[in-house]
Amino acid sequence: MLKSNQMADCVSKVELTISCSDLLDKDVGSKSDPLCVLLQRSGKDTWTELGRTERIENTSSPSFSQRLRLNYNFETVQNLKLGIYDIDNASRDLGDDDYLGGVELTLGQIVSSKTLTRPLQLKKGKPAGKGSITITAEEIKDNRSIQLELEAKNLDKKDTFGKSDPFLEFFKKGDDGKWQLVHRTEVVKNNLNPSWKKFSVPLQTFCSSDLERPLKVDCSDHDSDGSHDLIGSFTTKVSELQKAASGSPVAFDCIHPDKQKKKKSYKNSGVVSVKSCKLATQHSFLDYVMGGCQINFTVGIDFTGSNGDPRSPNSLHYLSPDGFNQYLSALWSVGQVIQDYDTDKLFPAFGFGAKLPPDYQAPHHEFALNFNPTNPYCQGIQGIVEAYRMVLPQLRFSGPTNFSPIVNHVASIASGAAQSNSASQYFVLLILTDGEITDLDQTRDAIVRASRLPMSIIIVGVGPADFKAMELLDGDDGVLRSTVGEAVARDIVQFVPFLKFKDAPLATLAQSVLAEVPTQVVSYFKMRGLQPLKVPAKAPAKA
């Protein structure tokens, strides 16, 4: 599951830059005075304002310098509306200003395109003349981290029996002048010449991304009762620590203020040396997506006998009068989010565990949902839903329930993509199942192999079954291992029981299911040492 420190990685801030061309002229004798407002849908028909740009006088093709910032969450569909208004008075209320047109779209569409131009509309289907809007997205954050390795020599002995047990604490000076703890090393037991393990801290955390910000380092002797004794301190800044980057250590006298006062001849209580210091870039999910990484979505649907006869209202595949069931609800919910990240919107969809017309011989463990094996692609999530409704009456549910064929199928495509040695493709397999699984061992082996490939597997359990086996595949409680004991290279399976979300809004399921995908994408490319394809150029700093 998502740990709290990873949670912070998933909520990034995005900055939108807006420009328009050919706006309508509403002012007599001069051009409009436009301003852009950003709204996010917060309910069925309710929109919340997130920000607005400055107003620019007399232009039909404004480029706004005021950027619009908002939080970005991969696992939710963030519906946005950008509206352009002609402002002719000083009030903030837009009700009395002329509307020059707007556009509705999702944040996912913007970040996966990076730059997007759309025609402005006065209302649905009614264009605002030739007016158009261009939106560019950029992620806001310092994605660097500082990596440090330190050692000390000749530290003061603080313990009556034995030597000191030293550890270091790093503080940065806050804007309020107070010292804020940013990192604490491990304790090295009984050693006056310790070497601490190399560590890494986000640069924003360590020094607020300011290489000249004052830092204080305390070296203390650890006592198990919590009354740690200060050995000595020194102050520095990152720009000084960086001098160790060239391979020559930077040394600091560790000074104890009381000892310094007492003794004129006091030199230090030991010397702390920075053996290495380097700044490294940590790429985020958005860096990869905005660099052009495609998220490819494949669906596998369980048509085995344990689901019940689809003509019977007790079956999990029974279509209610409104044409829906748990399988389709889960597909819609997750698919809505994923489809914004896939440019061609063509999704391969497969069924497993059924016998097919015309001869209904052996059960198939991986058949194209549209019955077209050479072209299993469906157009959008809607296309998968239509294919499902079309084939459902023609299938004979059977068994056994084998997952490994479809996992291996997607893995073979992902393996081909991995050969390119670039961060260009990532694959997400969504399996919708009632949870009975026959080939557990083969599936475990397939998942362990897949964990070295650019893919994630999401399993949504439909119906009331005991999902013990599914929870085993989602290695959250322990590490999933293959039949020969090989551990997964990274956690790639996420399991969610649909019933847990039955009465919640559809979007809640998607949030739970997709929350881990950004971390999984980054963990794969990091494991392979792959940079984003096109690292977004940093916007020039505003004066």
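## Strands and pairing

Strands are DSSP runs of E with at least two residues, while helices are runs of H or I with at least four, and both are numbered from the N terminus. Two strands count as paired if DSSP finds at least two bridges between them. Strand 15 and strand 16 (residues 271-281) are joined by four bridges and run antiparallel, and D253 stands opposite V271 in strand 16.

This is a predicted model, in which local features need pLDDT of at least 70 and side-chain atom pairs count only at pLDDT 80 or more, whereas totals for chains, interfaces and linings use all residues. Residues are numbered from 1 along each chain as its sequence is written, and side-chain values use heavy atoms, with hydrogens and water left out.

Four strands, in the order 12-9-16-15, form an open sheet with antiparallel pairing. Strand 12 (199-202) and strand 15 (250-253) stand at the edges with a single partner strand each, so one side of each has no neighbour in the sheet.

D221, which lies in strand 13 (residues 215-221), is buried but has no salt bridge, and K158, the nearest side chain of opposite charge, is 7.4 Å away. Here buried means under 20% relative accessible area, with a 1.4 Å probe and protein chains only; a salt bridge needs a side-chain nitrogen of Lys or Arg within 4 Å of a carboxyl oxygen of Asp or Glu; and Lys and Arg count as positive, Asp and Glu as negative, with His and the chain ends not counted.

A polar atom of the D221 side chain lies 2.7 Å from the backbone nitrogen of D165.

Terms used
Buried < 20%, exposed > 50% of the residue type's maximum accessible area, 1.4 Å probe, protein only. Polar contact = N/O pair within 3.5 Å; in protein donor to acceptor, adjacent residues only side chain to side chain.
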